Amino acid sequence: MIRLQNVSKNYGGRPALVNVSLHIALGDFAFLVGPSGAGKSTLMRLLYREEVPTSGNVFIGGANLNRLQKHQIPLLRRRLGIIFQDYKLLPSQTIFANVAYVLRALGVAEAEVVKRVNSALCVVNLDNKGDLYPDELSGGEQQRVGIARAIVNGPPVLLADEPTGNLDPATSLEIVQLLERISARGTTVLISTHDQPIVNAMRKRVISLRQGEIVSDVDSGLYEMESEN
Amino acid sequence: MRQLRIFFRILVETLIGLKQSGWSNWLVISILTIALTIFGGVLQLTFTLKNVVSTWGSHLEISAYLKDTYDPKSVAQAVAKIPEVQFVEIVPKEAAWQEMQTTFKVASLDNPLPNTLHIKVSSPEAVDPVASRLKLLPAVENVRYPMKVAQQINQFRHFLEIAGFVVTGALTAATLTVIGNTIHLVIESRQREIEILSLMGVSPSYIRSPLILQGATYGAAAAVLAISVLWIIHINLDPYISEQLVALAPLLSHNNIYSLMQTFLAILLLGVAVGAGGGFWTSGRYIKI
């Protein structure tokens, strides 16, 4: 589902990613770990085509992102669900409206919007909080709204950039377990994080980046912090 | 149906943008209204003068104002002998004064007007030579003819066009800057919405359309205000201008020389184009997909 072939990315001559090759299959669940500046965010941005590689190829579902025309980028992004560290919710809108926001912008019929939003809120266990505003929810609940918004369009791939960065350990584990449940239904999930306890608790595939290079890629792996030093 | 729903959402987003802009809306509309009023005023005036020039420029008439000590009939007979003269009409000073008193409701004074001859010549080429000959006659105090006035008006019109459009251009550039700043503020305040829409696969045209529509709304609102101002000016000034034109060239009828509808359409088109252009340019500059 996600494939990188010898991908390098430089910013003004400074390498952010160096010859990265990677394959994540449909329905896989993987952590992308590494210290700050390792290249995690750069890799994520390449996947949703906010950046283009300096060299190499990035594929999502067989489509080479390097060859995408500008007008095709929105079509790619509709096949991705993106989850952010700071949730990126609209404070002036209800939870329901936040999740429905993009569907309405895409011109989906209101009956279908209601159906899909209720279903997504049900998956994240917030089906009784649709009328509340983000400020009325805890951090963990706000991130679950972010997840509901990411899955409401039924994307085959979920990209989560530091989704537990603002949460306490117990809530972080809940969020990652929720993402694991979503993955179990056939969605490919890639989580960028440096939250060692969560990664080690899950015992899933762990792809470690250091200074822009993949230093390990292990199924049922651990996040070896000492390897960063 | 889907396109209709998207259009409705764009309208909703436009209204939200207008609401968020607050007092900035009025600043943009005020400046644009001033620019469009000046543009419309200059355009209307140049339309009018152009019509006057084209109407008068081809007129073959000369007005000769006579000294009081001469008999108009004998002067008319002498003038009629000039080969290029086709027709001479005497306008006695009493008749002219009575008409002026009726038209302008002037106070009772001694009649200051001279006896006048209205002379028609055979060809446009004959106007200047005949006028020159008339000026040499001892009975003639002054000579006036539309062709000469038309030439002077034409020179003034050229100056007015250049000056007017320079001022309009400068104000339009200022307006574009203000529109750009206002829409930039909207983009800043809606950064999160724009980011979400962009990353979730909503098309750039959808994201930019409300901002372009917001600019177009400014343009349309300013155009309506500018048209209203010009309409009020037209209603109040038109009778006065008509009288002046009749006084300047009595033999000419004051035709409907105004092209108000053309001017109003031009104001509306320019307003919407400037507004939408400002929104298009700013959204293209600050929204990166």
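Predicted model: local features only at pLDDT ≥ 70, side-chain atom pairs only at ≥ 80, totals over all residues.
**Exercise 1.** How many residues does the contact take from chain B, and how many from chain A?

Residues are numbered from 1 along each chain as its sequence is written, and chains are lettered from A and ligands numbered from 1 in the order in which they are written.

*Solution.* 
Step 1. Two residues are in contact if their C-beta atoms, placed from the backbone, lie within 7 Å.
Step 2. Chain B gives 17 residues and chain A gives 15 residues.
Step 3. On the side of chain B that touches chain A, α1 (2-21) and α7 (191-199) of chain B each give two or more residues. Helices are DSSP runs (H or I, at least four residues), numbered from the N terminus.
Step 4. The largest share of that side, six residues, comes from α7(B).

**Exercise 2.** Which residues of α7(B) are buried?

*Solution.* 
Step 1. A buried residue has 20 or more other C-beta atoms within 10 Å of its own, with C-beta atoms placed from the backbone.
Step 2. In α7(B), this holds for B:E193, B:I194, B:I196, B:L197, B:S198 and B:L199.
Step 3. Look past the helix: B:G201 follows α7(B) and has a positive phi, near 95°.

**Exercise 3.** Why is helix α1 (residues 40-47) of chain A largely enclosed by the rest of the structure?

*Solution.* 
Step 1. Six of its eight residues are buried, so the helix is largely enclosed.
Step 2. The buried residues are A:K40, A:T42, A:L43, A:M44, A:L46 and A:L47.
Step 3. Leaving aside neighbours within four places in sequence, A:L159 is in contact with residues including A:M44 and A:L47.
Step 4. Just after α1(A), A:R49 takes a positive phi of about 60°.

Definitions and conventions: Buried ≥ 20, exposed ≤ 12 C-beta atoms within 10 Å, placed from the backbone.
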